[in-house]
Amino acid sequence: MRRIPLLVPALWLLGFVALPLLVVLALAISQPGDGVPPFVLPYSAATGWQPNWEPLGLLVQDDYYFSAFLQSLRVAGGTAALCLLLGFPMALGITRATPRRRPLLLMAVLLPFWTGFLPRIGAWTGILRDEGWINGLLRGLGWIDAPLPLLYSDTAMFLGMVHAYLPFAVLPLYASLSRLDRTLEDAAADLGARPATVFLTVTLPLAAPGAVAAFLLVFIPAAGEYVIPELLGPPEALLVGRVLWQEFFQNRDWPVAAALAVALLLVLILPIRLFQRLEARQ
Amino acid sequence: MSLLEIAGLSKHFGGIAALEALDLRVEPGEFLALLGGSGSGKSTLLRLVAGFEQPDAGSIRMEGRDLVPVPPHARPLNMMFQSYALFPHLSVQGNVAYGLKRDGVPRAERDARVAEALEMVGLAGFASRMPHRLSGGQRQRVALARALVKRPRLLLLDEPLGALDANLRERTGFELRALQRRTGASFIMVTHDQNEALALADRVAVLEAGRLVQLGPPRAVYERPATRFVANFLGAANVLEGQPDGAGGLDCPTLGASLRPAEPMPPGATACALRPERILAQPGASGPNTARGVVEDVAFRGDDSLLLVRAAGGALLRVSHAEEDGPPPPPGTALDLRWEAAALVPLAG
């Protein structure tokens, strides 16, 4: 009887995490085919065990995929760094606000979660495109003749990424900063530290675990992001998510798409483990 | 010149007065205890002196210099925090060296002074320990070393013994006073524990609701409380209420007694303090400064027993029965009680 409460999450994990993962793994070592669905599983009663290592090998051999991984890590790392830079003063501001205003500010951080994801990205398109608000305003003022190429650029992509992922950074930072004992800052000041020194020698080091958590919490999902680079980024920003989409829907090469998914998971295992260890320690 | 001069200091929090026009001087090399309950303003006073709060009115001068506009990091004093506030990410060495680093003390001198400070608090050899691997008593010593290493002339201590368990508290108290004498610094210690204040301080300042109600050496404050509050706060004296009898004494109907203090009652005063150990049992005693009652309860306290005696008029008296006088009278015993006129302390408020 006592095991029943544990049974529910175990079944959930089995059905919705382990089984799909097994399917993806099986797909990654399947033969591509022309049927529907377009693959042949590595095992059948007739042919026996016939794994196809080509898709996984392709990822290592072909620079195209390797550079997609590098691009993904660059965009995820850049997004996480920007979110950290923006999120830290935000989180600090919320912890130092009066108790009455704090929930209001926290809600403002969470508010984007409650509006649709696509409309928010769509809004950026409206603001940044050639006939958009910014170009319209600059042309109306007579400052520019031709529209600035704002949309489909790295800038636009990072704007969208930071906009979407900022709450993931603010919340862990807020959690760690609100746990910080303010008398430690008083003690530092009492011992002769100026406010900037207090921040650098006490506040910042004590918030470091929260900052690492914030970075990873943005980095991990951002590495697999597909929609934002597709809608806002430049065409050459071929991230793993985009390449995976192409393989799956345009090339109909499910084994390579599955191999990409497996590889991304392997790449992210290290930061995920790091994050888990950090959480366990706190 | 006094080391610290506080004049007319007031602080309000949201319309509630935490401190009300407080005057106080601290002499060089003095150990002063700020004694009061929660909400008495004692911690606010300490935070004002340290610079973590700004006063609404009044002045704080140290060696003649006005401290109010000086930010905390530039004030020539140090504080030991109630929770110790040790930096959890720094070792014992890092904690104690923190203040010296801020002053730009060169490495070699810094190391020597940190070692000296740790030696002074009995923690030599603990320099590389992290704070979470120290016991409560060791943390208290690190906090003390960290505050003393800068050799301040004034050290503020917020409940320095409050977080220690009882057997450690007494020993640490003695050490604290020895350190104060050795360094020659003035200590201002905030405490809610009257025994601690009386045992350690040269002078005790009793605060009530943001006001200084009595200031003096421990013995004077203990033996001659100025008000009902001080009498109650400083270790359970009997506060006897009555009406002036026109002859320099008080009629005390709840006690069934007439109080005749050795000194005249101040005008308007309607109460006297009487310590339990000054009340004697004497069969047949009668007249002024005597009462009769029945023992209701007896509590053994080691060197004496505390008797709760219900007086004829209904008041409950606390009477100390010394151990060398034999076993205390059991509950139900009728007692004739007597006290010296000099034992009665008229209370002003």
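Predicted model: local features only at pLDDT ≥ 70, side-chain atom pairs only at ≥ 80, totals over all residues.

User: What makes chain A more spread out than a compact globule?

Analyst: The chain has twelve helices and four strands. Its radius of gyration is 24 Å, whereas the globule rule gives 19 Å for 282 residues; the value is well over that figure, and chain A is therefore called more spread out than a compact globule. The box filled by its C-alpha atoms, taken along the principal axes, is roughly 80 × 70 × 35 Å.

User: What percentage of chain A is buried, and what criterion decides that?

Analyst: A residue counts as buried if 20 or more other C-beta atoms lie within 10 Å of its own, and buried residues make up 32% of the 282 residues in chain A. As for contacts with a separation of 6 or more, 70% of those in chain A are between residues 24 or more positions apart.

User: How do you know which parts of chain A are transmembrane regions?

Analyst: That label comes from the record: an unreviewed UniProt entry places the feature "transmembrane region" at residues 64-92, 104-127, 156-177, 198-223 and 254-275 of chain A. Such annotations may be inferred rather than shown by experiment.

User: Turning to chain B, how is it divided into domains, and how far apart are their centres?

Analyst: Chain B, with eight helices and 21 strands, is divided into domain 1 (4-223) and domain 2 (237-347). Taken over C-alpha atoms, the centres of these two domains of chain B are separated by 39 Å, and the C-alpha trace of the chain spans about 75 × 45 × 35 Å along its principal axes. Of its 349 residues, 41% count as buried, and residues 24 or more positions apart account for 64% of its contacts with a separation of 6 or more.

User: Why are β2 and β5 of chain B called edge strands?

Analyst: The order of the open four-stranded sheet in chain B is β2-β1-β4-β5, with antiparallel pairing. Strands β2 (16-26) and β5 (65-66) of chain B each pair on one side only, and that makes them the edge strands.

User: What shows that β1 and β2 of chain B are paired?

Analyst: Pairing requires at least two bridges between the strands, and strand β1 (residues 4-13) of chain B is joined to β2(B) by seven, running antiparallel; L9(B), for instance, stands opposite L22(B) in β2(B). Helix α1 (residues 42-50) of chain B lies across β1, β2 and β4 (57-62) of chain B, at about 65° to β2(B).

User: What makes both faces of β15 in chain B covered?

Analyst: In strand β15 (residues 271-274) of chain B, A271(B) and A273(B) on one side are buried, as are C272(B) and L274(B) on the other. Strand β15(B) also pairs with strand β11 (residues 238-241) of chain B in the antiparallel sense over four bridges, with N238(B) opposite L274(B). Three bridges join β15(B) to strand β21 (residues 345-347) of chain B, again antiparallel, and there L347(B) is the bridge partner of A271(B).

Methods: Residues numbered from 1 in each chain as written. Chains lettered and ligands numbered in written order. Helix = DSSP H or I, 4+ residues; strand = E, 2+ residues; numbered from the N terminus. Rg over C-alpha atoms; globule rule 2.2 N^0.38 Å. Buried ≥ 20, exposed ≤ 12 C-beta atoms within 10 Å, placed from the backbone. Contact = placed C-beta atoms within 7 Å. Domains from an automatic or database assignment. Axes fitted to C-alpha atoms, helices over the stretch in contact; angles between N-to-C directions.
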